[in-house]
Amino acid sequence: GVGPWLIDALTGWGITELTDVQGLALSAGVADGASMIVSAPTSSGKTLVGEIAILSSLRANHRVLYLVSHKALADQKYADFEGRFGARAAKPIASVALNTGDRTEGPADSRLMVATYEKALAMLLSRQLRPAQLCVIADEFQIVGEPGRGPEFETLTAILRKSGVGQFVGLTATVDNPEDLAAWMNCRLVQSFHRDVPLHQEVWYDGWAYRTTFGQDIDDYEETECPPFGDLFGIVDHLLRRELGPVLVFTETRREAADYARDFGARRPVVPTGIALAQQLDLFSEPTESSAQLQHNAERRVAFHSADLTPQERQIVEQGFVDSEFEVCFATSTLAAGVNFPFRTVLFAKLTYQYGDRQGSQIERSNYRNMSGRAGRLGMHDDGLAILVPEN
């Protein structure tokens, strides 16, 4: 039942086959204006479901609002959509804008806008957004359940539900009750449990590695001996020697990310590729302590990623990973919010938080799912690896 216009668009984007969840969403009517909650594992192709809804809405001359959870993700989506639908597309069909509160790009009357949840709520309450016939794509929809930001997001989606938007598509990988969300938003539920890129999950402790693959029964695991590494950096070196990079190491704080990158970078030689990256950063970075360290790390193909980076610095770091120019990234969990980088391995250096309000608590299962899902990305790798390194 897919029209030739959509087939032409998908083949033009280089897509010749669909994943499980994409086929289910099309069957449920995502290209025909149907509202739905799409629940599927990371790297299963949910983003394309949202893009199909965008394309069909723009084709019907409706406006589109794409909601994201973090500014880093907003920057990436804005750049992606400019290349997919906007001025940089082979066949431009709509103007694209970005609004995150502290950064605004594109014309105010753009037909496709990327915005953070908080900014969208402010625009809706000030009547800068008109819900009628609006297509809303809500990425990382599970945020509605977060203790801190959840209430604001719930307010936003409740207003959108009450005002009757034209189409609502919520995308989520980690929510435990998608049936309830679909019923609350008067949506259809499209659910898949199939991850198209296998994600191997390992626990390394006391000289042994315990492995299971996402989707397998938890009792069905393999046990192999692994050599002692001494410390976190030894593990990263081992992964790079086994050609399991690029490696993403999750840290708890921005300071940790920067410190780890500095200390790990000090162990590595300067390489020509890294010098070119550092020169790029020098052109677009403000002269700060953070930018100087980022350039120093880049010379050694090491990066850190946090909210301290400017949008220009983030773009260079992110493109560096897409182009396989960086090998290691130390980052806070912000990077887990749907940002699509080609990491082969994700490493959790600790499972218990040490600082702030979360001190003494462990990583929640839903957060682990989202963070580990950065490994093994669709269209980039044959598989991915997530490693937990507990202390006891």
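**Contacts and ring pairs in a predicted model**

Biologist: Among contacts in the protein between residues at least 6 apart in sequence, what percentage join residues at least 24 apart?

Modeller: A contact here means heavy atoms within 4.5 Å. Among those between residues at least 6 apart, the share joining residues at least 24 apart is 71%.

Biologist: And what are the ground rules?

Modeller: It's a predicted model, so local features need pLDDT of at least 70 and side-chain atom pairs pLDDT 80 or more, while totals for chains, interfaces and linings use all residues. Residues are numbered from 1 along each chain as its sequence is written, and side-chain values use heavy atoms, leaving out hydrogens and water.

Biologist: How many aromatic pairs does the count come to?

Modeller: Rings of Phe, Tyr and Trp (its six-membered ring) pair if their centres lie within 6.5 Å; planes under 30 degrees apart are stacked, over 60 edge-to-face, the rest tilted. By that rule, the count is 16.

Biologist: What kind of pair do Trp13 and Phe85 form?

Modeller: Their ring centres are 5.8 Å apart. With 90 degrees between the planes, the pair is edge-to-face.

Biologist: Is Phe85 buried or exposed?

Modeller: The cut-offs use relative accessible area with a 1.4 Å probe, protein chains only: under 20% is buried, over 50% exposed, and in between partly exposed. Trp13, at 21%, counts as partly exposed. Phe85 sits at 0%, so Phe85 counts as buried.

Biologist: Which residues do ring pairs link into a cluster?

Modeller: Trp13 and Phe85 already pair up. The cluster linked by ring pairs consists of Trp13, Tyr66, Phe81 and Phe85.
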